[in-house]
2 protein chains.
Amino acid sequence: MANSTTLSCFYYSKLLAVRCSAYEKDGGGGGGVRVNGTAHRAPMQVGAALETSINRSLAGLMSAPVLPPPAVESRRSQRQNIPREKQTVDPFRQALIVEGGVRYRQTVVVRSYEVGPDRTATLETVLNLLQETALNHVWMSGLLGDGFGATHGMIRNNLIWVVSRMHVQVDQYPIWGEVLDIDTWVGSSGKNGMRRDWLVRGRSSGAIFVRATSTWVMMNKNTRRLSKMPEEVRDEISPWFIDRHAIEEESTDKIIKLDTNATYVDSDLKPKRSDLDMNHHVNNVKYVRWMLEALPDQFLQQHQLSSIILEYRKECGSSDVVQSICQPDEDTILPGDNVSMVMGPSLSPEIISGHHSLAGALQQWPTKYTHLLQLKANAKYEEIVRGVEAHVKIAAESTWIASE
Amino acid sequence: MANSTTLSCFYYSKLLAVRCSAYEKDGGGGGGVRVNGTAHRAPMQVGAALETSINRSLAGLMSAPVLPPPAVESRRSQRQNIPREKQTVDPFRQALIVEGGVRYRQTVVVRSYEVGPDRTATLETVLNLLQETALNHVWMSGLLGDGFGATHGMIRNNLIWVVSRMHVQVDQYPIWGEVLDIDTWVGSSGKNGMRRDWLVRGRSSGAIFVRATSTWVMMNKNTRRLSKMPEEVRDEISPWFIDRHAIEEESTDKIIKLDTNATYVDSDLKPKRSDLDMNHHVNNVKYVRWMLEALPDQFLQQHQLSSIILEYRKECGSSDVVQSICQPDEDTILPGDNVSMVMGPSLSPEIISGHHSLAGALQQWPTKYTHLLQLKANAKYEEIVRGVEAHVKIAAESTWIASE
């Protein structure tokens, strides 16, 4: 490795877990396809120094991989074209490193299959693009080894990254064909964590579409304990840190834990093969789908998500059975806002009152919802992820788009 | 329009439907969100000249859009950056027109969220990229008006395109990070149809990953009858035709119609909001998921799809209830092939017999499956799409990848 002062490098499995080492050689069933593995339920011991609300349940998120034959590894590396040194330009991904060689910027066009019926990018697309740019940032550092990466110091200390929190704020959804610049960078988070932020902007207008931030902590991949950040690791990654926050006024409130007395409860949700990511776990996008599918259709037709905060507790495998619980915050009903936002400049009250869908829009809905996804483990439930999200009424312009 | 001899232009809704006109002004509920509309079940009359097995059920695939306010339309066009004249280079999509100005080529990198647990691109990703490049081909023609496009002659004749058949052949699945060149072009198909073909290749090796072809016919958007291709339309689109087939030996066998006596029957499948595309219909990728989900997990873990043919009959809306029927072709069990393919050069018989997943791989499965998706309309079922697909055993190299 030409440059040992490189980016803190992690495997970014759908924003959640988790492996940063190169191939592990220990355990794991000797090469079988572990689609239905339940290793993530293994018991863990937690280091006292960093005991937080998340650490009890981060046990065993990693499945244990097997070293591939060298010839296979070599062919794959060639096809993936993974750089062994830091790059400042990635022509195929239309990316470059800016701002003193540490901030990553990629240009993407919103594709036809990344938009929903209203022809704006879906929240899933936004989450996917955040994941993609974070990984590509690491790719350009020259440290990414087939998707799993860690600094030299992390490997020496058997450490991996786990994400504990994610906050995505959507100011506006980009439309089909829109050209976006996505920036991402890392910074310090407390004494032992790292944050990763994103800013998604329209290339022509410079308008901000999405702001996002996430928090990462280190875990020993053998003991499954959360770990302090060793000095040698701090020395490696801190040169990449930028002290800038994509979301200025970041909420620090903890998300309350729901129970089955909540308003909406969807039980017996089962992951499908297509919901699994490279880590053989259910991906983050599916979590958000399960959360949103707990909400009434009529609400979702008239509102779009403007902000979501996720607190991760535990991975979910393909054999798990999931329950999605949701509680509206009744204090967030704002009837006045609803009416004025729907009217817009070009619609008269007569049109609104005579119009089926606009009349329906006058129904008053809460705009804030708290979520819990949990899985059934033996006789009890274990938390996967908590969430809280805010919605805004779809404006008149978007309604026109949706009705075409 | 600077160049009236332009590409036959169509709205390529997830490979299926359907609209090519600019905004229609007639009907459609005056701007409401038509998520749960059932317009696709409207009765149709079929033109005798082109009566085929598909035309009875292609009725009313189009929802009726509403003209947006000019200011909204203008802002959107600016953000989408839709060219009004033919372009030969699209820098943001990394595309260019080659081969005499008619064949489209786009370079893409397989993204982290486009691969499955085995870290190769999923079939869904392949289908998405075919759709995307077809639409971008039309985009570069300068004729794409906000996603709906037709030649001037088609608009004058109230004609739209509908797809009747699709054949995708996957020689090899690209892996995460692989750089692909995707070519697509159009050609004639019989007297009144058009074909669109694709070729997906690795940029560095030139190896072919995917070959695909599709057949399109014209429909009058008012009468919902299939239509002959008017001479003026032929004059417009034929300069874009290339007489080259991505799949040399194209099967012309019709796919048999299954009934509920078939081996696998999944009933009561319900589309979710996230399954809908810009046309407010269930997208093509979801069709294929429903088909594959009818197959046993154990089979899918050990095989990957190498070829799929789809014959489209009817669109599916968000309120439809779908049945997925599947019949294995027992004549396609090839036990000898299974064993030799799994062994590979580096695995001894001892390893195979001692290995759980490889031992399981010796189970004999048919490799060819026939499918039918149908929806319940009143008391009877109506066909959405028929399919037939072939699978190959996952080779040893892929097994290693999957087990990491």
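How do the residues of the lining of the largest cavity divide into nonpolar, polar and charged? The legends below, which describe close-up views of a predicted model, begin with this cavity.

**View 1. The lining of the largest cavity in the predicted model.** The residues of this lining divide into six nonpolar, seven polar and six charged. In total 19 residues line the cavity, and those that lie nearest its centre are F92(A), Q94(A) and R111(A) from chain A, together with Q94(B) and R111(B) from chain B. Two or more residues of the lining are given by each of the elements β3 (103–109) of chain A, α2 (123–140) of chain A and β3 (103–109) of chain B. The volume of the largest cavity is about 210 Å³, and a search of the whole structure finds 12 cavities of 30 Å³ or more.

**View 2. Helix α5 of chain B and its start.** This helix, spanning residues 284–293, is mostly covered, with nine of its 10 residues buried. Among the buried residues of α5(B) are V285(B), Y287(B), V288(B), W290(B), M291(B) and L292(B), and also K286(B) and R289(B). At the start of the helix, a side-chain oxygen of N283(B) comes to within 3.0 Å of the backbone nitrogen of V285(B), a residue that is itself buried.

**View 3. The two domains of chain A.** Where the domains meet, 14 residues of domain 1 of chain A are in contact with 14 residues of domain 2 of chain A.

Technical notes
Residues numbered from 1 in each chain as written. Chains lettered and ligands numbered in written order. Predicted model: local features only at pLDDT ≥ 70, side-chain atom pairs only at ≥ 80, totals over all residues. Heavy atoms only, no water. Buried < 20%, exposed > 50% of the residue type's maximum accessible area, 1.4 Å probe, protein only. Helix = DSSP H or I, 4+ residues; strand = E, 2+ residues; numbered from the N terminus. Polar contact = N/O pair within 3.5 Å; in protein donor to acceptor, adjacent residues only side chain to side chain. 1 Å grid on protein atoms, 1.4 Å probe; cavity = no way out; pocket = protein on both sides within 12 Å on 5 of 7 lines; lining within 4 Å. Points joined across faces, edges and corners; volume = space filled by probe spheres on them. Nonpolar A, V, L, I, M, F, W, Y, C, P; charged D, E, K, R; others polar. Domains from an automatic or database assignment. Contact = heavy atoms within 4.5 Å.
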